[in-house]
Amino acid sequence: MTRTITTHSEDETAAVGRELAATLSAGDVLLLYGDLGAGKTAFVRGLAEGLGVERDEVSSPTFTLIQEYRGGRLPLFHVDLYRIEDPREFDELGLDEIAEDGVLAIEWAEKLAARLQPSRYVSVHIEHGDGDTRTILTGSSALPS
Ligand SMILES: Nc1ncnc2c1ncn2[C@@H]1O[C@H](COP(=O)(O)OP(=O)(O)OP(=O)(O)O)[C@@H](O)[C@H]1O
Ligand SMILES: [Mg+2]
């Protein structure tokens, strides 16, 4: 199941995340793809808001690979893999276990390769268009067990 949405501002992209939040349950993993400045963090900010976490708390986890936001309907774990260099760092994060307790949103998911294989995931691809236009493709999938 895929869906394509065009947005024209950061707030519109956040709103897409906010709507998606209502459909999520514990154990859901969001894989976010898109270039620098595509709007992945903006999307996660909306996600946080939709889960009932203060959106102001959400920024790219620059100095830590993972940030945790509590106080909402479900805990939100926010990971940014942009700076990850050694694939062994993935394993040290223990993402598989973290994912069970709440919602896990991963920026630069392409860096994961085949290391994380969630049984259920939502993929979010954000593509730059002209100016402030972004195309967001969301899809969900169940991997064969
Ligand atoms: N339609 C739009 N959706 C989202 N962001 C937009 C849009 N139009 C303009 N922007 C701007 O693009 C930037 C998106 O930044 P954001 O940090 O969310 O990107 P990112 O994909 O997380 O990048 P990074 O890979 O560096 O983490 C912001 O400065 C935002 O204001
Ligand atoms: Mg970001």
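Helices α1 (10-21) and α2 (40-51) each supply at least two residues of the shell around ligand 1, helices (H or I, at least four residues) and strands (E, at least two) being DSSP runs numbered from the N terminus. The model is predicted, so that local features need pLDDT of at least 70 and side-chain atom pairs count only at pLDDT 80 or more, while totals for chains, interfaces and linings use all residues. Residues are numbered from 1 along each chain as its sequence is written, chains are lettered from A and ligands numbered from 1 in the order in which they are written, and side-chain values use heavy atoms, with hydrogens and water left out.

The shell around ligand 1 comprises 19 residues, of which E10, T13, K40, T41 and D132 are the closest; a residue is near a molecule if one of its heavy atoms lies within 4 Å of it. Helix α2 gives the most to this shell, with three residues. By class, the shell has seven charged, eight polar and four nonpolar residues. In this classification Ala, Val, Leu, Ile, Met, Phe, Trp, Tyr, Cys and Pro are nonpolar, Asp, Glu, Lys and Arg are charged, and the others, Gly among them, are polar.

Several polar contacts to the ligand can be located individually; such a contact is a pair of N or O atoms within 3.5 Å, and within protein one atom must be able to donate a hydrogen and the other to accept it, with residues adjacent in sequence counting only if both atoms are side-chain atoms. A polar side-chain atom of E10 lies 2.6 Å from an oxygen atom of ligand 1, and for W108 the corresponding distance to a ligand oxygen atom is 3.0 Å. From S9, a backbone N or O atom lies 3.1 Å from a nitrogen atom of ligand 1. The protein covers 76% of the 640 Å² of accessible area that ligand 1 has on its own, areas being computed by the Shrake-Rupley method with a 1.4 Å probe and, for residues, with only the protein chains shown counting as cover.

W108 counts as buried because its relative accessible area is 13%; buried means under 20%, exposed over 50%, and partly exposed in between (1.4 Å probe, protein chains only).

Taken as a whole, the protein chain has four helices and seven strands, which follow the pattern β-α-β-α-β-β-α-α-β-β-β along the sequence. Of its 145 residues, 46% count as buried. The chain exposes about 7700 Å², and carbon and sulfur atoms supply 47% of that area. Among contacts (heavy atoms within 4.5 Å) with a separation of 6 or more, 63% join residues 24 or more positions apart.

In soluble globular proteins, nonpolar side chains tend to be buried together. A nonpolar core is here a set of buried Ala, Val, Leu, Ile, Met, Phe, Trp, Tyr and Cys residues joined through side-chain atoms within 4.5 Å. The largest such core has 24 residues, and those with the most contacts inside it are L30, F43, L47, L76, V103, A105 and V124. Helices α1 and α2 and strands β2 (29-33), β5 (103-107) and β6 (120-128) each supply at least two of its residues, with the largest share, five residues, coming from α2. Apart from this core lies another, of 17 residues, among them L31, F90, L95 and L112.

Individual positions complete the picture. V58, in the loop between α2 and β3 (66-69), counts as buried because its relative accessibility is 2%. Leaving aside residues up to four places away in sequence, V58 touches T41, V44, R45, A48, Y69 and H78. I66 lies in strand β3 and counts as partly exposed because its relative accessibility is 26%. Its C-alpha is 9.6 Å from that of L95, 29 residues apart in sequence.

D28 occupies the loop between α1 and β2 and counts as buried because its relative accessibility is 7%. The side chain of D28 reaches the backbone nitrogen of S25 at 2.8 Å. With residues up to four places away in sequence left out, D28 touches T23, A99, G102, V103, L104 and R120.
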